[in-house]
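Keep the structure open while you read.

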Amino acid sequence: YLGQNYKNLSEIAEKNALTYLENKPFPHIVFDNFFDENLINDIKNNFPVDLNKTGHIHENEREKKLALDKYDKLSKNAQFLINQLNSYEFISFLNKISGIEEPLIPDPYLEGGGYHELKDGGFLNVHTDFNLHRKMNLDRRLNVLIYLNENWKEEFVGSLELWDNDMKNCVKKIVPNLNKIVIFNTNDFSYHGNPEKINHPNKISRKSIALYYYSNGRPKTELRNDAFQSTVFMKRPGTKDRASSQFKKIFGKFYLRTKI
């Protein structure tokens, strides 16, 4: 399932761990052509034509996207790939390259993950992720994003933006090209998103697969006020972006909840 240059994951992790940890604005890494070309092309070609009919529609002032988190509705090769990315081999790679000490745990429920799609005009404002899996009661620690967009150009918009801790500057933009994987630590301060509206000249949508990994416990320094929170949207300087507000109680504690 891996590309020719990534067969030895242990070696890849060892060579890139320091780069991962030192990358700004928060630990992350990007690999191109990471998976077997035939596998990723098959997944791209069998991506649902009408995801809005089989998945979830998220449309409000902070996001406009489609998502499908039902494992049994994914293509066979998408299921195969997810199984590999939830294997001991790949999770060991993630632990090693990320420097996360707690054993990482995959999500069989694909909560918030699976297929993602942004059609023309779609966007996802800068945010931090929900930090607790509500079914497994585990801490969300790491995101893996796999892009399925052939010949995508920066001018089509849709680049993944990584913002600094003060939400003053976009430090990095990652164009979502086919067979690119982005891995990054997620916590209450890892601000990211693709806030500019998709503008492909041929109205082609931006497609991806998202997987999240968890642990039983995490450093308190990664949490805001030791609170559980759902997705928290942020305001970019000089924009009319609306920040999240409102608290809701869960598991006897309060967590931030997006106010729609």
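On a 1 Å grid over the protein atoms alone, a cavity is a set of points where a 1.4 Å probe fits but cannot get out, while a pocket is an open set with protein on both sides within 12 Å along at least five of seven lines; lining residues have an atom within 4 Å of a point. Grid points are joined across faces, edges and corners, and a volume is the space filled by probe spheres set on the points.

This is a predicted model, where local features need pLDDT of at least 70 and side-chain atom pairs count only at pLDDT 80 or more, though totals for chains, interfaces and linings use all residues. Residues are numbered from 1 along each chain as its sequence is written, and side-chain values use heavy atoms, with hydrogens and water left out.

**Cavities and pockets**
- Searching the whole structure turns up two cavities of 30 Å³ or more.
- The second largest cavity holds about 40 Å³ of space, and its lining is Asn86, Asp107, Leu110, Glu111, Gly113, Ala210, Leu211 and Tyr212.
- That cavity lining splits into four nonpolar, two polar and two charged residues (Ala, Val, Leu, Ile, Met, Phe, Trp, Tyr, Cys and Pro count as nonpolar, Asp, Glu, Lys and Arg as charged, and the others, Gly among them, as polar).
- The second largest pocket has about 170 Å³ of space, and residues lining this pocket include Gly3, Phe35, Ile40, Glu150 and Asn179.
- By class, the pocket lining comes to three nonpolar, six polar and three charged residues.

**Helix packing**
- Helices (H or I, at least four residues) and strands (E, at least two) are DSSP runs, numbered from the N terminus.
- Helix 1 and helix 5 (residues 88-98) cross at roughly 30°, and their axes come within 7 Å (axes are lines fitted to C-alpha atoms, for helices over the stretch in contact, and angles run from 0 to 180 degrees between N-to-C directions).
- That makes helix 1 roughly parallel to helix 5 (under 35 degrees is roughly parallel, over 145 roughly antiparallel, 65 to 115 roughly perpendicular, and the rest oblique).
- Among the residues making this contact (heavy atoms within 4.5 Å) are Leu9, Ile12 and Tyr20 of helix 1, along with Phe90, Phe93 and Ile97 of helix 5.
- Helix 2 (residues 37-45) packs against helix 4 (residues 76-85) at about 130°, with the axes 8 Å apart; that makes helix 2 oblique to helix 4.
- On the helix 2 side, Leu39, Ile40, Asp42 and Ile43 meet Asn77, Ala78, Phe80 and Leu81 of helix 4.
- This contact of helix 2 with helix 4 has six nonpolar, one polar and one charged residues.

- Most residues other than glycine have a negative phi, and most peptide bonds are trans.
- The Lys24 to Pro25 peptide bond is cis, with omega near 10°, and Pro25 sits in the loop between helix 1 (9-22) and strand 1 (28-31).
- Asn179 has a positive phi, near 70°, and lies in the loop between strand 9 (170-174) and strand 10 (181-185).
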